[in-house]
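Me: I am new to this structure and would like a close look at one helix and what surrounds it. Could you walk me through it slowly, and then show me how other parts of the chain are tied together?

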Amino acid sequence: MSAAWATEAVTRFRDILALVSREQVRTAYEIAVRLKLPVSSTYLTVTELERLSCLARDESGYLLVGIRPQQMALDALGFQVAAQRLAPLVRHLRDQSGETVFMASMAEILTVGTVAMGFNPGHLVVQSFQTYRYATAPPPSELTRPGVFELTLATNAQYGDHGGLVNLMALQLARSSSSAHPATLAVGVARPEGDFRDAAHIARKLLELKAFFDSPG
């Protein structure tokens, strides 16, 4: 195997994962067109990535980042959480709330996850790996306390939103075991800046989700 071939294969793998994490695609043909790749080899690559659990599909047949790279990311960040448990929780909360829902790693900044995100048409749209700053520096207790909390986030202009504000209702699911890079794995409901008029309902759904997540099995 030549170095050039290996580099090309890794680049293609990265580009396919990045594409399915930010856009809705169902077929290898769509991937080939958007990434300007040969259709036949893209079909073989997608089939193999699905076999290896590097790609998965949601309930509508759209391709998603698979369990294996998700688990690698969680392990690298020190979260002792099984990746396959996260996406169903996000989809359930999305369907129950009708709002944008995502998992995120919260440290000095908030970083959105990959497949573990969901949004409904007409609501706030986020991209995988998108980062947010805290509009005001949250006290440490906001990131570690149990229960539901609210934060105001400042989005990054690089995503075309010119630094708009986002409100987040969230709770923590797990703490990182990494002493070098402490962080919190959180799940939350996000909206453009404004009050959560149905805050009690959303808080109840978040607590129900946490109870299910903490239950054995």
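Reply: Let's start with helix α2, where Ala28, Ile31 and Ala32 are buried (buried means under 20% relative accessible area, exposed over 50%, and partly exposed in between, with a 1.4 Å probe and protein chains only). Looking down the axis of α2, these buried residues fall within an arc of 100°, so they line one face of the helix; the arc is taken from the directions that run from the helix axis to the C-beta atoms. Before going on, please keep in mind that this is a predicted model, in which local features need pLDDT of at least 70 and side-chain atom pairs count only at pLDDT 80 or more, while totals for chains, interfaces and linings use all residues. Residues are numbered from 1 along each chain as its sequence is written, and side-chain values use heavy atoms, with hydrogens and water left out.

Helix α2 covers residues 28-35, and Tyr29 has its place there. Helices and strands are DSSP runs numbered from the N terminus (H or I with at least four residues for helices, E with at least two for strands). Together with Val33 and Val39, Tyr29 makes a nonpolar surface patch of about 290 Å². Such patches are built from residues with over 30% relative accessible area and no salt bridge: nonpolar side chains (Val, Leu, Ile, Met, Phe, Trp, Tyr) are joined within 5 Å, and like charges within 9 Å. The accessible areas come from the Shrake-Rupley method with a 1.4 Å probe, and for residues only the protein chains shown count as cover.

In general, side chains of opposite charge can pair when their charged atoms come close. Here the side chains of Arg34 and Glu23 form a salt bridge, at 2.5 Å from N to O (the rule asks for a side-chain nitrogen of Lys or Arg within 4 Å of a carboxyl oxygen of Asp or Glu). Arg34 belongs to α2 and Glu23 to the loop between α1 (3-22) and α2, so this pair ties together parts that are 11 residues apart in sequence. Both partners are partly exposed: Arg34 at 37% relative accessibility and Glu23 at 31%. Glu30 joins them as well, for Glu23, Glu30 and Arg34 are linked in a network of salt bridges.

After α2 comes Lys36, whose phi is positive, near 55°. The buried residues of α3 are Thr42, Val46 and Leu49. Seen down the axis of α3, they fall within an arc of 65°, so they line one face of that helix. On the other side, Ser40, Tyr43, Leu44 and Arg51 are exposed. Glu50 pairs with Arg57 in a salt bridge of 3.1 Å, N to O, and both are partly exposed, Glu50 at 29% and Arg57 at 38%. Following α3 is Ser53, whose phi is positive, near 65°.

Now for the rest of the chain. The structure holds 10 salt bridges. In one of them, the side chains of Glu99 and Arg191 meet at 2.9 Å, N to O. This pair links distant parts of the chain, 92 residues apart: Glu99 sits in the loop between α5 (86-97) and β3, and Arg191 in strand β8 (residues 184-192). Both are buried, Glu99 with a relative accessible area of 10% and Arg191 with 12%.

Finally, there is 1 aromatic pair. The rings of Phe102 and Tyr132 have centres 6.4 Å apart and planes at 5°, so the pair is stacked. Phe102 lies in strand β3 (residues 100-106) and Tyr132 in strand β5, so parts 30 residues apart in sequence are tied together. For the pairing rule, rings of Phe, Tyr and Trp (its six-membered ring) need centres within 6.5 Å; planes under 30 degrees apart count as stacked, over 60 as edge-to-face, and the rest as tilted. Phe102 is buried at 2% relative accessibility, and Tyr132 is buried at 1%.
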